[in-house]
There are 2 protein chains.
Amino acid sequence: MEKIPILRMGKFLLVTIQVDLYDRLALNLEADLVQMVKRTNARGVLIDISAVSIVDSFMGRIIGNIASMSKILDAQTVVVGMQPAVAITLIELGLPLKGVFTALDVERGMNLLKDKLGPDEEEMEPEDQDDAGSTE
Amino acid sequence: MEKIPILRMGKFLLVTIQVDLYDRLALNLEADLVQMVKRTNARGVLIDISAVSIVDSFMGRIIGNIASMSKILDAQTVVVGMQPAVAITLIELGLPLKGVFTALDVERGMNLLKDKLGPDEEEMEPEDQDDAGSTE
């Protein structure tokens, strides 16, 4: 399985990291994600890392990259489900994930994104429904 | 990473299969999922297999097991994102996934579950908010 699936939930995208992000997989994820943001008019990206128990500087950088890329496409990134040990490691590595929002779990992350979008945009549905959930 | 994370989305649980389900991982997933259904009062389980390109009879059986277990706990299972090749293989293996609902993507799967629950339950929020997204 060479790709990490990106799931569409309304106007948000959800990515669950379950495997170690080696170089190519991480670059693929970055590329897929920005294309998916564009294609689905997504306003937010949720990255669930609850299965990640070990983090290194590479992964910290990838998350930062995704957040920056999404931001210039006008989508906010929220990292959810971080394990306490991962938070400790990130700080010890000197990677405080600046510009990335975090939340305890997917539901809270989604509420955070909804709050950020405000009530007007909350009802807006993206137009393009065809590519949802696709990973090709 | 020894566990597949189970994400809570309102009254549904979402599982994304990204890795090959070998014996122990699959049994862990079954056990985690039924406990999570109980703990969160979940009414539906969404299993996203869009990253799965190869399926065997073991995996087909695991999905069937999860659906049956959830059903007797009063939660419906919907398998979403199945690739065409996987559908072909399942039928050729003689595993038509009886008793399992399927949908093209997570959004449609969620709408299917909402339709099944009906308008009364749709507003009902589960009481226990503490364990959401946890994978400990």
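Mentor: Two strands pair if DSSP finds at least two bridges between them. Helices (H or I, at least four residues) and strands (E, at least two) are DSSP runs, numbered from the N terminus. This is a predicted model, in which local features need pLDDT of at least 70, side-chain atom pairs count only at pLDDT 80 or more, and totals for chains, interfaces and linings use all residues. Residues are numbered from 1 along each chain as its sequence is written, chains are lettered from A and ligands numbered from 1 in the order in which they are written, and side-chain values use heavy atoms, with hydrogens and water left out.

Trainee: What is the order of the strands in the open sheet of chain B?

Mentor: The sheet of chain B is open, has five strands and shows mixed pairing. Strand 1 (6-9) and strand 5 (101-103) of chain B each have a single partner strand, so one side of each lacks a neighbour in the sheet. These two strands stand at the edges, and the order is 1-2-3-4-5.

Trainee: Which residue stands opposite B:Val80 in strand 5 of chain B?

Mentor: Strand 4 (residues 76-80) and strand 5 of chain B run parallel and are joined by three bridges. Within strand 5 of chain B, the residue opposite B:Val80 is B:Ala103.

Trainee: Which strands of chain B does helix 1 touch as it packs on the sheet?

Mentor: Contact means heavy atoms within 4.5 Å. Helix 1 (residues 23-40) of chain B has a direction at about 160° to that of strand 2 of chain B. Helix 2 (residues 57-72) of chain B lies across strand 3 and strand 4, running at about 150° to strand 4 of chain B. The strands that helix 1 of chain B touches are strand 1, strand 2 (12-16) and strand 3 (44-48).

Trainee: In chain A, which residue is the bridge partner of A:Val15 in strand 3?

Mentor: The sheet of chain A is also open, with five strands in the order 1-2-3-4-5 and mixed pairing. Strand 2 (residues 12-16) and strand 3 (residues 44-48) of chain A pair in the parallel sense over five bridges. In strand 3 of chain A, the partner of A:Val15 is A:Ile47.

Trainee: At roughly what angle do the axes of helix 1 and helix 2 of chain A cross?

Mentor: Angles under 35 degrees count as roughly parallel, over 145 as roughly antiparallel, 65 to 115 as roughly perpendicular and the rest as oblique. Helix 1 and helix 2 of chain A are therefore roughly parallel to each other. The axes of helix 1 (residues 23-40) and helix 2 (residues 57-72) of chain A come within 10 Å, and the crossing angle is roughly 15°.

Trainee: How many residues of the contact of helix 1 with helix 2 in chain A are nonpolar, polar and charged?

Mentor: Ala, Val, Leu, Ile, Met, Phe, Trp, Tyr, Cys and Pro count as nonpolar, Asp, Glu, Lys and Arg as charged, and the others, Gly among them, as polar. The contact includes A:Asp23, A:Glu30 and A:Leu33 of helix 1 of chain A, and A:Phe58, A:Asn65 and A:Met69 of helix 2 of chain A. The division is eight nonpolar, one polar and two charged.

How values were computed
Axes fitted to C-alpha atoms, helices over the stretch in contact; angles between N-to-C directions.
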